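Visitor: I'm new to reading protein models, so please walk me through this one.
Guide: Happy to. Have a look below, then ask away.

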Amino acid sequence: MILLGGCGRVTGLLDSVSLFHPVWAADGWVYYLREVTSTSGSGVAEVWRQRPDGSAEEPVLTRAPEVSTCEAGLFSFLFAGPGGDLGVGLECGWDETELLSYSPADKTFEPLASTRFLVDAALVHGADRGFVEAPRECGPGGIQLLADGKAYEFGSPVTVGGATFNLSGGDTDCESTVLARSPAALGDRLFFITAPDSLGRLPLPPEVSPDDLTWHLTEWDVGSATARFVTELPGLADLAVSPDGRSVIAAVSSDHVGGVWSVDVGTGKKTRIADGARAHDPSFSPDGKRFVYVEGFKRLRFAKAR
């Protein structure tokens, strides 16, 4: 908060600070987007970082880098980048996203991909390939493959739980499309959430909210092209997969219920490990013993992964 005394005006009294997309990086810092919105209009996100013990907090990038195809980009989201570096998503205009890898040690950027507008990205560790979430004509959520610097539709539908549907979202055949969101990847295993009861209902009418749907944690094996429902989740969630692949954290942000659940991937058993309304954007520590998430877009919360 900033106070200007004397005859000057008082500013900053009603500024709102929002936090998004924390990433627990290999260097031990937690990086996140921080946006200050003033009463005069919307703010611009900056990249900050914090020590998990709260001993230090500082800005890292106050403005987005200029790249050849994105000279006036804005920070859109963060993700785990290749080799333990930080992944940065830049919003370029209305329909383009640039994915970059940022090295905090060298303070340099490397291009990863240039695609249509994206919401999130999950890279396969140590590589520039993975999966991305992209809104499509049929709904706000669809999963695509990322390879060779581009995002691609899945080549064939996915069958899981007796239902066959288009995972990538689709631009035309909405009847065979379901909502799929929150990609989290480890090796050739992709985890995401999907709402089977959205099949044949997309795009959703205004009176139906994503919170009204039933969401399932789903695992897709890239090598065998098979999928399975792991468990039903209590609401709309963001995901993170543990470094050993044995558990997935689901941070639930639905109107009906909030908090963080740990799901045993093998058995589907879920355990609530953090209370609180509107949990978002979980990220595991490099050793998998702890995690961080955002509560209500207002503060970072740290907890043990059980």
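**Disulfides, sheet and salt bridges**

Visitor: How far apart are the sulfur atoms of Cys138 and Cys174?
Guide: Cys138 and Cys174 form a disulfide, a term used here for a pair of cysteine sulfur atoms within 2.5 Å. In general, that is a covalent bond between the sulfur atoms of two cysteines. For Cys138 and Cys174, the gap between the sulfurs is 2.1 Å.

Visitor: Before we go on, what kind of model is this?
Guide: Residues are numbered from 1 along each chain as its sequence is written, and side-chain values use heavy atoms, with hydrogens and water left out. Local features need pLDDT of at least 70, side-chain atom pairs count only at pLDDT 80 or more, and totals for chains, interfaces and linings use all residues, since what you're looking at is a model that is predicted.

Visitor: Are Cys138 and Cys174 buried or exposed?
Guide: The cut-offs go by relative accessible area: buried is under 20%, exposed is over 50%, and partly exposed is in between (1.4 Å probe, protein chains only). By that scale, Cys138 and Cys174 are both buried.

Visitor: How many residues apart are Cys70 and Cys92?
Guide: These two form a disulfide, with sulfur atoms 1.9 Å apart. Cys70 sits in the loop between β4 (57-61) and β5 (74-80), while Cys92 sits in the loop between β6 (86-91) and β7 (97-103).

Visitor: Which hand does the disulfide of Cys70 and Cys92 have?
Guide: Look at the torsion about the S-S bond, which is about -100°. That angle is why the disulfide of Cys70 and Cys92 is left-handed.

Visitor: What is the pairing of the bonded cysteines, numbered in sequence order?
Guide: The count comes to two disulfides. With the bonded cysteines numbered along the chain, the pairing reads 1-2, 3-4.

Visitor: On to the sheet: which strands stand at its edges?
Guide: Four strands form an open sheet in the order β15-β16-β17-β18, with antiparallel pairing. Each edge strand has a single partner, so one side of it is left without a neighbour in the sheet. Those edge strands are β15 and β18.

Visitor: How many bridges join β17 to β18?
Guide: Strands of a sheet pair through backbone hydrogen bonds, either parallel or antiparallel. Two strands count as paired here if DSSP finds at least two bridges between them. For β17 (residues 216-221) and β18 (residues 226-232), which run antiparallel, the number of bridges is six.

Visitor: Which residue is the bridge partner of His216 in β18?
Guide: β17 and β18 form a hairpin with four residues between them, and Ala225 in the turn has a positive phi of about 55°. Across the pairing, Leu217 stands opposite Thr231. The partner of His216 is Glu232.

Visitor: How many salt bridges does a search of the whole structure find?
Guide: Side chains of opposite charge can pair when their charged atoms come close. The rule here asks for a side-chain nitrogen of Lys or Arg within 4 Å of a carboxyl oxygen of Asp or Glu. Arg189, Glu219 and Arg228 are linked in a network of such bridges. The search of the whole structure finds seven.

Visitor: How many residues apart are Arg181 and Glu133?
Guide: Their side chains meet in a salt bridge (3.6 Å, N to O). Arg181 is in strand β15 and Glu133 in strand β10, so the pair links distant parts of the chain, and their separation is 48 residues.

Visitor: Why does Arg49 count as buried?
Guide: Arg49 and Glu58 meet in a salt bridge (2.7 Å, N to O). Glu58 is partly exposed, because its relative accessible area is 29%. Arg49 counts as buried because its relative accessibility is 18%.

Visitor: Last one: how far apart in space are Phe154 and Ser168, C-alpha to C-alpha?
Guide: Phe154 lies in the loop between β12 (150-152) and β13 (158-160). Leaving aside neighbours within four places in sequence, Phe154 is in contact (heavy atoms within 4.5 Å) with residues including Leu167, Ser168 and Trp220. Phe154 and Ser168 are 14 residues apart in sequence, and in space their C-alpha distance is 5.9 Å.

Notes
Helices (H or I, at least four residues) and strands (E, at least two) are DSSP runs, numbered from the N terminus.
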